[in-house]
Amino acid sequence: MAEWNAYYQNEDEEGEQEEGEQSGGDYKITGRDSLVFLVDASKEMFIKGEDGEPSNFDMTMQVVRTVYTSKIISSDRDLVALVFYGTEQSKNPRNSFKHVYVYHDLNEPGAKRVQEVDALRGEKGAKLAAETIGSGETSLGDALWCCANLYSDIKLRLSHKRLMIFTCRDEPHGGDSVKDRQARTKASDLKETGVVIDLMHLMKPGGFNISLFFCDIVSPPEDESEMGLQLQPSDKLEDLQKRVRAKELKKRTLARLNLCLGEGINVAVGIYATAVAARKPGSIKLYRETNEPVRSKTRTFHTQTGSLLLPSEIKKAQYYGGKEIVMERDEVDAIKKFDDPGLFLIGFKPMEKLKLLHHIRPAVFLYPEEDEVKGSSCLFSALLKKCSERNVFALCRFISRRNYPPRFVALLPQNEELGEGKVQITPPGFNVIYLPFADDLRTLDPPQFPSASQTQVDKMKEIVSKLRFKYRSEGFENPVIQQHFRNLEALALDMMAPEEIEDLIMPKVDQIDQRLGPLVQEFKDLVYPAYYNPESKPAAKRKTADTGGGAEKKPKVELTEDELKAHVQNGTLAKLTVPVLKDACKQFGVRTTGTKKQELIDALIARLGS
């Protein structure tokens, strides 16, 4: 029988699962995301910009390539397609539409697709595009109809369907009212089937007027926090990539729970992870001959008879007080269950009660879910407003999933912040701060060092003020992860060598020296004595003559039976160290089932307490 705490999932595993994709429990299971790039292939898209700037078509291919690679790394099960319209050649399912070229159908991205997109970049890519797809008449209605067929041919469950139009022409049909009407009708049909249409308009001479045609094509923002239709066209690659990334990333809830404010008063809320640590993906075992992934299967056999054990025949055991307590799997589940998943309001505390040391793990974000319970947004907004006005936080009991232990959390109010053009920078809601238990906090005894003088403190303040800068997490990339994916990319795309990366976490020594100037030497003169070199190695310690140069060993502690019984009666066995407990077990012939401290204590209590 296995130890039951091997079956019991700890909270570290909970944190890792909460930061990943949804799975099991009360989490809302979603399908795959899908994205279709609908790119204009007219001659205007291939015109180069001023001062050698890349053409709009070249910038679009760079963005498509970036999305492909990011999908491969972050969510390789999502579906992506690339379709050109306004082409001379035609290539689509059943060849039903003229001047529409399906370069990639809806499927998972891969190395081959990235290479094919790379072939369309630069001057060579423009020549290849002219030979392969060419430029011809435009019918956006046929292109939208073709994209609708791509979605209808997919038998998988799709959670989110998005279509992005890249063009620099604000009147794609040149004023043809019949084609304009057909395109608007087909766009309306796509919206009714759940497809979100976005416009990524590019710069052209004379400006891009959205109101001429595309204002009736694109979809409105799905919620208040999403960026709406931008009036200004993109003229730089960075701006276009930023807009595509803002639209392409779908906000996914970690869980949808109820926030109980009192008896019968529930608010439906969603939990979001605002920041997730980037990790290298785990290795996959492959079969040597076929190079296919190996699936592992575990079977449990009886140690004496060798017969195969069914899951119902496996029981869990825990040693407590020197006895083996056997439990069924259902009993273990019942022990683990405290209450149903959700948030339960306990009360409110002043903001001064929340200390920096209470932050023990990354916080999550709380936002109302109006679709689950009507009126949740109104009640949630009122609670947020009052907590912010009175400068208090809500103290709640939080159970994230079924059979998970409860935690105390603080709901920290966060008001909405708007930037230029009334674009939302910070959404309104509550930051869920996980609070520590009493045994999570320890009292440390810091070593004593001589205190610095006021002159030394003032000089260090000058140095700190010179080196202060505004930290932005997006400005620093993990060099280990970046190098890892560059190596994988080079192997997958048959590159001669991986792209070089810049280690952004290394200090800029020249810039630091330029900012500080003579302050460093002045500080050294104040802190270190004359002729002192902090970089020199310390002198080797001299060996003592008494011990012959060796380290003095601590004397072995032995306890009598009366002393051990006194510890048992007083309940002070936990104060003894593990080596002392092991020696005591050997001394009195106590057999133990393990080497952990609690197991040794239980064995001694069972032997000496009887």
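Residues are numbered from 1 along each chain as its sequence is written. In this predicted model, local features need pLDDT of at least 70 and side-chain atom pairs count only at pLDDT 80 or more, while totals for chains, interfaces and linings use all residues; side-chain values use heavy atoms, with hydrogens and water left out.

Side chains of opposite charge can pair when their charged atoms come close. A salt bridge here is a side-chain nitrogen of Lys or Arg within 4 Å of a carboxyl oxygen of Asp or Glu. The structure holds 19 of them.

Select arginine 32 and glutamate 108. Their closest N and O atoms are 2.8 Å apart, in a salt bridge. Arginine 32 is in strand S2 (32-40) and glutamate 108 is in the loop between strand S4 (100-107) and helix H4 (111-118), so the pair ties together parts 76 residues apart in sequence. Helices (H or I, at least four residues) and strands (E, at least two) are DSSP runs, numbered from the N terminus. Arginine 32 is buried at 17% relative accessibility, whereas glutamate 108 is partly exposed at 34%. Buried means under 20% relative accessible area, exposed over 50%, and partly exposed in between (1.4 Å probe, protein chains only).

Next, select aspartate 339 and arginine 397, a salt bridge with 3.0 Å from N to O. Aspartate 339 sits in the loop between helix H9 (329-336) and strand S11 (342-350) and arginine 397 in strand S13 (392-399), so this pair links parts 58 residues apart in sequence. Aspartate 339 is partly exposed, at 31%.

Finally, select Arg65, Asp118, Arg121 and Glu489, which salt bridges with shared partners join into one network.
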